[in-house]
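I opened this model to look at how its parts pack together. My entries follow, in the order I made them.

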Amino acid sequence: MADREQSGVARMDAESKGKTVKEELLKLFDNHPNALPESVKEVIRASPAADFMMNGEYRRKADSFPDTKLGDGPVTLLGDAFHPITGQGANMAFEDAAVLGCYLVKHGVGPEALRAYEADRLPRTKAVVAYNEK
């Protein structure tokens, strides 16, 4: 259950990683001014270590977006795949869905609708991402 190197990134198996995450979670709440009720801590202690995981936060820089299109042919990006942004990701995903829907109605299902959607969404997405970088 030790760390192992894989593609230059240290990885831990689920049991070891979960145990560490579970321990850190309990430590955090033991020392927190608004401590969790003991019943919640009991649930955490009773849960298998492999059930705990911690994921990183991933952000895309505004200058990394293409200027004109995201996809090719019948493929595009929307939601968090397009703009993983802390705080505005869900709102932006709803906007993506509404805008994409409008272009699908206007152009039908196909690449024309997807390129129109991308051209519409890229400027706003870049602006929101740039704002979040401040």
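**Entry 1: a threonine in a loop**

I began with Thr 76, which is buried at 17% relative accessibility. Buried means under 20% relative accessible area, exposed over 50%, and partly exposed in between, with a 1.4 Å probe and protein chains only. I note that this is a predicted model, where local features need pLDDT of at least 70, side-chain atom pairs count only at pLDDT 80 or more, and totals for chains, interfaces and linings use all residues. Residues are numbered from 1 along each chain as its sequence is written, and side-chain values use heavy atoms, with hydrogens and water left out.

Thr 76 sits in the loop between helix H2 (38-46) and helix H3 (89-107). Helices (H or I, at least four residues) and strands (E, at least two) are DSSP runs, numbered from the N terminus.

Which side chain does Thr 76 join through a polar contact? I found Glu 118, at 2.5 Å. A polar contact is a pair of N or O atoms within 3.5 Å; within protein, one must be able to donate a hydrogen and the other to accept it, and residues adjacent in sequence count only if both atoms are side-chain atoms.

I then listed the contacts of Thr 76, leaving aside neighbours within four places in sequence. They are Leu 70, Gly 71, Leu 114, Arg 115, Tyr 117 and Glu 118. Contact means heavy atoms within 4.5 Å.

**Entry 2: Glu 118 and the next residue**

Glu 118 belongs to helix H4 (residues 111-133). Is Glu 118 buried or exposed? I read a relative accessible area of 0%, so Glu 118 is buried. A polar atom of the Glu 118 side chain lies 3.0 Å from the backbone nitrogen of Gly 71. Beyond four places in sequence, Glu 118 touches Thr 68, Lys 69, Leu 70, Gly 71, Val 75 and Thr 76.

I moved on to Ala 119, also placed in helix H4. Ala 119 is partly exposed, at 48% relative accessibility.

Tyr 117 is another residue of helix H4. Tyr 117 has 0% relative accessibility and so counts as buried. Its contacts outside four places in sequence are Thr 76, Leu 77, Leu 78, Phe 82, Asp 96, Val 99, Leu 100 and Tyr 103. From C-alpha to C-alpha, Tyr 117 and Val 99 are 6.4 Å apart, at 18 residues apart in sequence.

Further on in H4 I looked up Pro 123. Pro 123 is exposed, with a relative accessible area of 51%. The C-alpha atoms of Pro 123 and Phe 65 are 9.6 Å apart, and the two residues are 58 apart along the chain.

**Entry 3: helix H3**

H3 has 19 residues and spans 26 Å from first C-alpha to last. That is close to the 27 Å expected at 1.5 Å a residue, where the expected span is 1.5 Å times one less than the number of residues.

Which residues of H3 are buried? I noted Gly 89, Met 92, Asp 96, Val 99, Leu 100 and Tyr 103. Seen down the axis, the buried residues of H3 fall within an arc of 105°, so they line one face of the helix. The arc is that of the directions from the helix axis to the C-beta atoms. The face turned away from that buried side carries the exposed residues Ala 90, Phe 94, Cys 102 and Val 105. The cover over the buried residues of H3 includes H4. After H3 comes Gly 108, with a positive phi near 80°.

**Entry 4: the core**

The largest nonpolar core has 13 residues. Such a core is a set of buried Ala, Val, Leu, Ile, Met, Phe, Trp, Tyr and Cys residues joined through side-chain atoms within 4.5 Å. Phe 65, Phe 82, Tyr 103, Tyr 117 and Leu 122 have the most contacts inside this core. H3 and H4 each supply at least two of its residues. H4 gives the most, with six. In soluble globular proteins, nonpolar side chains tend to be buried together.

**Entry 5: the whole chain**

I closed with the totals. The chain has four helices and two strands, in the order β-β-α-α-α-α. Of its 134 residues, 28% are buried. Among contacts with a separation of 6 or more, 59% join residues 24 or more positions apart.
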